[in-house]
Amino acid sequence: MDHYHMSGLGISIALVVMTGAESSARADCAPQWLAGVPGMNGTVSAMTVLPDGHALVGGAFTTVGGAPANYLARFDPSGNTWSALGSEPNGEIRTLALLPDGDLIVGGFLTAAGGVPANHIARYSPSTNTWSALGAGVEGYFVRALAVLPNGDVVVGGGFSMVGGMPANNIALYSTAANTWSALGAGTSGGPHNGTVYALAVLPGGDVLVGGEFTSADGMPASMIARYSPASATWSTLGSGTNGWVLALAVLAGGDVIVGGYFTSAGGESAIHIARYSPADSTWSPIGAGVSGPGSGVFTLNLLPVGDVIAGGSFSNAGGVPASNIARLNPANNTWSALGSGTNGWVFQLTAIPGGDVLVGGGFSTAGGNASSYFGRWGPAWGDLNGDGFVRLADWSLFVGCIHGPESASGAGCGCADADSDGDVDLQDAAVFQLRFRP
């Protein structure tokens, strides 16, 4: 007999190990907007998942979970808790990229990080909590997009005219090994903001798709989107492109790309703020009725492990389905589904974490009707057995009734107790319950 003590509850229980018990059907723990996830005091614009499963979150905030944290903080999904880095940037963060060695490239409006001068971009080591500059950095307005190439080099996009002391129009290449910069030809130009780059994505062969609000790439006409080959240092167009800004890109497992932004046509076809591009045959196709609503647009896209895509932005309808600023797309059949009642404000960033939950950031104050300050979480409500949105003492009494030994399935109504989805409720699940418990 194993004993488990719930710290803070003063409750000890005995877990009876039963082998060979008759299985009963495991109830599903349906995904929902999780209540009680602490947020921040300003918009969230960037997120990435660290090797340890934590998320690094950036934006325009100065507190997280009620504690000071300037522009960048660490989120632990196991307990929905935040921690400040202690050594932080001094300006808003707009983009993050994880390097193969576990370090991160951080871009935005910063001019210093951890006390180190850094023009709009810097390198952060989570293992040592230290910062380093990327040479002379970027001169201009900001860094908005990052993409890591297979060799570890980083493509940097945004609104700028110089990198490392040399001319570079809105896009450049940084060598992490040599700590050197190089321009990508003539870069991007044209448009009301002189060719700003908002989105980057690496294709399976190593080429990079570049999206933004430009009309020229390396001197050739290119409407809001283009393709760059690092191998040959050449640019190419994607047909007639889009008729409005490209703000988000997501590469599917088969190599096709979902493209989102502020546009109503792609490749000459009607496509309302979202479309699909096939690099294999250079063709565009619409995604059903797209997304719509006052001021509508797609600002962020994230590919889930199962192959579906979560789209976030400003919209009230996705493919004919009511969806408030966030929705799920099945690219296999172009069908949409809502994420509950969504958010009450724009969604700027999304990322899937180990286990399949989705972290959502933006400019909202509620998610799924729950108070949610600029940050929310969509996923199964592990531990919330009474369905009130919280993990509290009432759930503990229900949890105890769900306990089974190894190799026996949890009983009906116990799906949200089986946090590790192994078919039984045991010590491992009790540990998750403890992390999520809030008095």
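**Exercise 1. Describe the hairpin formed by strand 41 and strand 42, including the turn.**

Solution. 
- Step 1: In this predicted model, strand 41 and strand 42 make a hairpin, and five residues separate the two strands. Within the turn, Gly-355 has a positive phi of about 105°.
- Step 2: Strand 41 covers residues 347–352, and strand 42 covers residues 358–362. The two run antiparallel and are joined by five bridges.
- Step 3: For burial, five of the six residues of strand 41 are buried, leaving the strand mostly covered.

**Exercise 2. Work out the strand order of the open sheet of four strands, and find its edge strands.**

Solution. 
- Step 1: The order is 35-36-39-40, and the pairing is antiparallel.
- Step 2: An edge strand here pairs on one side only; this applies to strand 35 (297–303) and to strand 40 (335–338).
- Step 3: From one strand to the next, the twist averages 30°.
- Step 4: Strand 36 (residues 309–314) and strand 39 (residues 326–330) are antiparallel, with four bridges joining them. Ile-310 has Arg-328 in strand 39 as its bridge partner.
- Step 5: As background, strands of a sheet pair through backbone hydrogen bonds, in either a parallel or an antiparallel way.

**Exercise 3. Decide whether Ser-87 and Ser-282 are buried, partly exposed or exposed.**

Solution. 
- Step 1: The cut-offs are under 20% relative accessible area for buried and over 50% for exposed, with partly exposed in between.
- Step 2: Ser-87 has a relative accessible area of 16%, so Ser-87 is buried.
- Step 3: Ser-282 has a relative accessibility of 47% and therefore counts as partly exposed.
- Step 4: Ser-87 is placed in the loop between strand 9 (81–84) and strand 10 (93–98). Leaving aside residues up to four places away in sequence, Ser-87 touches Gly-114, Asn-129 and Trp-131.

Technical notes:
Residues numbered from 1 in each chain as written. Predicted model: local features only at pLDDT ≥ 70, side-chain atom pairs only at ≥ 80, totals over all residues. Heavy atoms only, no water. Pairing = 2+ DSSP bridges. Axes fitted to C-alpha atoms, helices over the stretch in contact; angles between N-to-C directions. Buried < 20%, exposed > 50% of the residue type's maximum accessible area, 1.4 Å probe, protein only. Contact = heavy atoms within 4.5 Å.
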